[in-house]
Amino acid sequence: MKKTILIVDDDDSIRSSLQKILSESGYVVATAADGDSAREKFAQADLLILDLNLPIQDGWDILGQVNSDYPLLPVIVITGLVDQLEERTIPGASAFLEKPIEVPALLRAIERLL
């Protein structure tokens with residue numbers, strides 16, 4: 001059975017690029033531009049790729065909600081805040097990647113977590 005990855009990022013180009021890459025890699029991909037529209041998709045996801053800088057509800061709040069409601073859902077945090085965050089400082093994140101995202105590193109993280 002194919003695994004479902006949910007991408008939550010407000011940048012259309014990042015969402016569509018990641019969706020294309022992950023679909024071509026054999027995953028089912030769902031996307032959302034913000035936390036409100038992602039909320040209904042968490043239960044169907046096998047992995048979440050989450051940007052921290054989002055409108056309406058920021059990624060930190062979403063991460064807390066996901067960790068509370070779906071504690072077994074692996075979360076890959078992505079951010080453009082270069083050198084400002086480290087993986088060990090993000091409670092609840094399974095992996096951390098800085099933008100621009102290196103595709104091989106992303107695919108390795110996904111394979112490791114799934």
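**The sheet and its surroundings**

Guide: β4 and β5 pair in the parallel sense, over 4 bridges. The model discussed here is a predicted one. Within this pair of strands, Ile78 stands opposite Leu97 in β5. In general, the strands of a sheet pair through backbone hydrogen bonds, in either a parallel or an antiparallel manner.

The pair belongs to an open sheet of 5 strands, which has the order β2-β1-β3-β4-β5 and parallel pairing. β2 (28-32) and β5 stand at the edges with a single partner strand each, so one side of each is left without a neighbour in the sheet. On average, neighbouring strands of this sheet are turned by 20° against each other, direction ignored.

Helices pack on this sheet. α1 touches β1, β2, β3 and β4, and its direction makes about 170° with that of β2. α4 lies across β1, β3, β4 and β5, and runs at about 170° to β5.

α4 (residues 103-113) may be considered residue by residue. Its buried residues are Ala105, Leu106, Ala109 and Ile110. These residues cover an arc of only 135° around the axis, which puts them on the same side of α4. The cover over them includes β1, α1 (12-24), β3, β4 and β5 (95-98). The face of α4 turned away from this buried side carries the exposed residues Pro104, Arg108, Glu111 and Arg112.

α3 shows a buried side as well. Here Gly59, Ile62, Leu63, Gln65 and Val66 are buried. They cover an arc of only 165° around the axis, and this puts them on the same side of α3. The buried residues of α3 pack against α2 (35-38), β3 and β4.

In the largest nonpolar core, which has 19 residues, Val8, Leu48, Leu50 and Val77 touch the most other members. The elements that give two or more residues to this core are β1 (4-8), β3 (47-51), α3 (59-69) and β4 (75-79). Its largest share, 3 residues, comes from α3. Leu50 touches Val8, Gly59, Ile62, Leu63, Val75, Ile76, Val77 and Ile78, leaving aside residues up to four places away in sequence. Apart from this core lies another, of 16 residues, including Ile7, Leu22, Leu47 and Ile110.

Finally, Thr4 has its place in strand β1. Its relative accessibility is 17%, so Thr4 counts as buried. Residues up to four places away in sequence not being counted, Thr4 touches Val28, Gln44, Ala45, Asp46 and Leu47.

Note on methods:
Residues numbered from 1 in each chain as written. Predicted model: local features only at pLDDT ≥ 70, side-chain atom pairs only at ≥ 80, totals over all residues. Heavy atoms only, no water. Core = buried A, V, L, I, M, F, W, Y, C linked by side-chain atoms within 4.5 Å. Buried < 20%, exposed > 50% of the residue type's maximum accessible area, 1.4 Å probe, protein only. Contact = heavy atoms within 4.5 Å. Arc of directions from axis to C-beta. Pairing = 2+ DSSP bridges. Axes fitted to C-alpha atoms, helices over the stretch in contact; angles between N-to-C directions.
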